[in-house]
Amino acid sequence: MNLAHRIIIAGGGTGGHIFPAIAIANAIRKIEADAEILFVGAKGKMEMEKVPQAGYPIEGLEIAGFNRSNIFKNILLPFKLLKSLRQARNILRRFQPDAVVGVGGYASFPILRKAQKMGIPTLIQEQNSYAGKSNKILGRKAHVICVGYEGMQSFFPADKILYTGNPVRGSITQSAVTKEEAMRHFGLMMGKPTVFAVGGSLGAKSINEALLPRLADFVNKDVQLIWQTGKLYYETAKSAAAPYATHVKVFDFINVMDFAYKAADAVISRAGALAIAELCVAQKPVIFVPYPFAAEDHQTKNAESLVHKNAALLIPDAQAGARLANEALSLVQNKALMQQLETNIAPLGNKNADMTIARAVLGLIK
């Protein structure tokens, strides 16, 4: 009798880690329908809600990341790390996985570290063009490291690297939504230029603050705006946008991203690995405003890898207030530049990364 394989997928913290993790789980299930998959996340983080919604069980560790803005909040960090390592060991002993996958985020380090000590095969999915400290440490003993960008030999042993690209949700790679359906969904008019501003799953302060005082300019130039603000800024944005409701549509979170991409002529976005992977698949002209406090400033490096190929524009976070609205409004009126950005971003999209990674995970299991 062939027993079902048991796999743990660890990590989370933001949509940028969670949605690729779910895409990998779904791909594993496509290859092996009865595979048992357990997610491990950080208590109180977004994955504790999003993973069960996707139909998978999850256990939470009491772990927090290093707080760069308030050093005093890190006093309890060593204790939390020790506790999470104990919790990780207990989960591994109880579930007895055949392989463990780390997708980045707080929870991936304790689980992978313990799995490696216990001799369980591990795979790292490094999404960014600049690897973080945790993954560099874990990479020494990982069996396979799936990377989203080329040229990662400076971070990991070359013989362990598998260039896969970053996994994108099936709802985007397999979307059949038409432009008309997308525009109707958001209550927008066909034929008017449309910008989609998205600051990641949690919102982006600088993008929101750059757009808020300029909403009248969007109306005056007859440009429509789909604006995902994140929960914290939603009420402020909604009341500011109320007089411009024909042109400006405000949401705290958009579940149907394929509709938003299809409706948009151009996109304003943070430069997380997931956002970039989705925009490459959606083939959209984009202005990146990288989050400057990401570890090792990896979002800027992610964005620059596209800018160097003339496949995207970049505005530093500190300059968003002065430049973002003007450049977005001029981009949607510059057909030649939009065409150039679309042409250059198109070949960078990868619709099969999830299946490639899933095969690599199952390949670890003897």
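Phe39 and Tyr56 are both buried, a term that denotes a relative accessible area under 20%, with exposed meaning over 50% and partly exposed in between (1.4 Å probe, protein chains only). The model is predicted, and residues are numbered from 1 along each chain as its sequence is written. Local features need pLDDT of at least 70 and side-chain atom pairs count only at pLDDT 80 or more, whereas totals for chains, interfaces and linings use all residues; side-chain values use heavy atoms, with hydrogens and water left out.

Aromatic pairs number 6, a pair being two rings of Phe, Tyr or Trp (its six-membered ring) whose centres lie within 6.5 Å; planes under 30 degrees apart count as stacked, over 60 as edge-to-face and the rest as tilted. In one of them, the ring centres of Phe39 and Tyr56 are 5.4 Å apart and the planes stand at 50°, so this pair is tilted. Phe39 belongs to strand β2 (residues 36-42), while Tyr56 lies in the loop between α2 (47-53) and β3 (58-61), 17 residues apart. Helices (H or I, at least four residues) and strands (E, at least two) are DSSP runs, numbered from the N terminus.

A further pair is formed by Tyr130 and Phe155, with centres 4.9 Å apart and planes at 70°, and is therefore edge-to-face. Tyr130 lies in the loop between β5 (122-126) and α5 (133-139), and Phe155 in the loop between β6 (144-147) and β7 (161-163). Tyr130 is partly exposed at 26% relative accessibility, whereas Phe155 is buried at 16%. The charged end of Lys301 also sits over the ring of Tyr130, 4.5 Å from its centre; this description requires NZ of Lys or CZ of Arg within 6 Å of the ring centre and within 35 degrees of the ring normal.

Arg169 likewise lies over a ring, that of Phe19, at 4.0 Å from the ring centre. Arg169 also meets Glu278 in a salt bridge (2.8 Å, N to O), defined as a side-chain nitrogen of Lys or Arg within 4 Å of a carboxyl oxygen of Asp or Glu. Glu278 lies in helix α12 (residues 273-282) and Arg169 in the loop between β7 and α6 (170-173), so the contact ties together parts 109 residues apart in sequence. Both Glu278 and Arg169 are buried.

The salt bridges number 12. Among them, Lys205 and Glu209 meet at 3.2 Å (N to O), 4 residues apart in helix α8 (residues 205-211). Lys205 is exposed at 60%, and Glu209 is partly exposed at 40%. Salt bridges also link Lys43, Glu62 and Lys83 in a network.
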